[in-house]
Amino acid sequence: MARCGCQGGCSCSVQGSGLVRVMGNGSSGTPFTVGLACDEVAECVGEHLDAPLTYSGATGQIGFELSQDPGNLVSIRPDGGLFVPTAGASAGLVAGQAIAITGSQAAGYTIAARISADAGNSLRLGTDGGLFVHVPQALQNVETVSFANVTSFTRNITFATPFTTVPHVTVNINSGAGPTARWGARAITVSTTGFTIFLFSGALGETGTWASVPVSWRATGV
C-alpha cells in the first residue's frame with residue numbers, strides 16, 4: 001500500500017528519488033513500503049496547473065484566480081464556493097451612506113452620490129456632474145439720500161454683479177429722527193441686474209426734506 005512516510009512510530013530508511021519513495025529495509029519488522037512523496041506530488045501538480053487554477057507553494061493549496069476585467073460578477077462566497085448572481089440581481093452592489101445605485105445587471109448600473117432632500121440642504125449637482133455647495137449670492141450697500149419738499153423719492157440701483165435669478169431685496173431707512181419716522185421704504189422693479197429704491201411719505205400729501213439720511217439695502221439670491 002502506498003503511504004507518505006512511516007507511520008506508527010517505525011524506524012526506516014528511505015530510498016529512491018523523485019516522486020516515488022521506498023521505505024523500510026525488507027525485514028519482517030520493517031518491510032519495504034513503496035509510497036509517494038506528498039509535497040513533491042502537490043508541487044508537481046501545482047506547476048502544471050492552467051488558469052484559472054492556482055497553486056501556492058507556501059500553503060500547498062490549490063485555488064481559483066478571479067478575472068479583474070470590468071463587469072466580472074464571479075465572486076468567492078463565505079462558504080468558499082464560486083458564486084455568480086442571477087440575471088437582474090444587484091451583483092452584490094449595495095447602496096450605502098450618500099451612495100445611490102440604479103439600473104440592473106442586464107442594462108448596467110449607475111453609481112452616484114445621493115443628495116439629501118432635507119430642508120435647507122445647499123449641496124447640489126453641477127452641470128459638469130460634480131458636487132458643489134451652493135452659497136446664495138448676496139450684495140448690500142448703504143445709500144446716502146437727500147431731497148427737499150417731496151412726497152416720494154426713487155433711486156435706481158445697479159448690481160455690481162448680476163444675479164443668475166431675480167434676488168430678494170430688502171430696503172431699510174437707517175434713521176428714525178425727524179421726518180424719517182413717518183416715511184416708508186421698499187424695493188420695486190427688481191431684476192437680475194438691479195432694482196429701484198422707493199421712499200414715500202406715510203402721511204397723505206405730506207412732503208419731507210432729508211439731508212444725508214442713510215438707506216441700506218440687501219439683495220440675496222435664491
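E143 lies in strand β12; strands, like helices, are DSSP runs numbered from the N terminus (helices: H or I, at least four residues; strands: E, at least two). The model is predicted: local features need pLDDT of at least 70, side-chain atom pairs count only at pLDDT 80 or more, and totals for chains, interfaces and linings use all residues. Residues are numbered from 1 along each chain as its sequence is written, and side-chain values use heavy atoms, with hydrogens and water left out.

**Surroundings of E143**

- E143 has a relative accessible area of 13% and is therefore buried (buried means under 20% relative accessible area, exposed over 50%, and partly exposed in between, with a 1.4 Å probe and protein chains only).
- The side chains of E143 and N141 are joined by a polar contact of 3.5 Å (a pair of N or O atoms within 3.5 Å; within protein, one must be able to donate a hydrogen and the other to accept it, and residues adjacent in sequence count only if both atoms are side-chain atoms).
- When neighbours within four places in sequence are left aside, the residues in contact with E143 are R155, I157, I197, V213, P214, V215 and W217 (contact means heavy atoms within 4.5 Å).

**The sheet containing β12**

- Three strands form an open sheet in the order β12-β17-β14, with antiparallel pairing (two strands pair if DSSP finds at least two bridges between them).
- Strands β12 (138-150) and β14 (168-173) stand at the edges and have a single partner strand each, so one side of each lacks a neighbour in the sheet.
- Ten bridges link β12 with strand β17 (residues 208-220) in the antiparallel sense, and V142 stands opposite S216 in β17.

- Most residues other than glycine have a negative phi.
- N149, in strand β12, is not a glycine but has a positive phi of about 55°; its relative accessibility is 58%, so N149 counts as exposed.
- S212, in strand β17, also is not a glycine and has a positive phi near 55°.

**Strand β16 and its partners**

- Strand β16 (residues 194-201) is largely enclosed by the rest of the structure, because six of its eight residues are buried.
- Strand β13 (residues 152-158) pairs with β16 in the antiparallel sense over seven bridges, and T158 stands opposite G194 in β16.
- Strand β15 (residues 183-188) pairs with β16 in the antiparallel sense over six bridges, and G184 has F200 in β16 as its bridge partner.
- The hairpin of β15 and β16 has five residues between the strands, and T189 in this hairpin takes a positive phi near 45°.
- L204 is placed in the loop between β16 and β17, and at 89% relative accessibility L204 counts as exposed.
- L204 and T151 are 53 residues apart in sequence, with their C-alpha atoms 8.3 Å apart in space.

**Aromatic pairs**

- The structure holds nine aromatic pairs (rings of Phe, Tyr and Trp, the last by its six-membered ring, pair if their centres lie within 6.5 Å; planes under 30 degrees apart count as stacked, over 60 as edge-to-face and the rest as tilted).
- One of them is the edge-to-face pair of F159 and F163, with 4.9 Å from centre to centre and 70° between the planes.
- F159 is buried at a relative accessible area of 5%, and F163 counts as buried at 6% relative accessibility.
- The ring centres of F198 and F200 are 5.3 Å apart and their planes lie at 25°, so this pair is stacked; F200 counts as partly exposed at 23% relative accessibility.
- F147, F153, W183 and W210 form one aromatic cluster.
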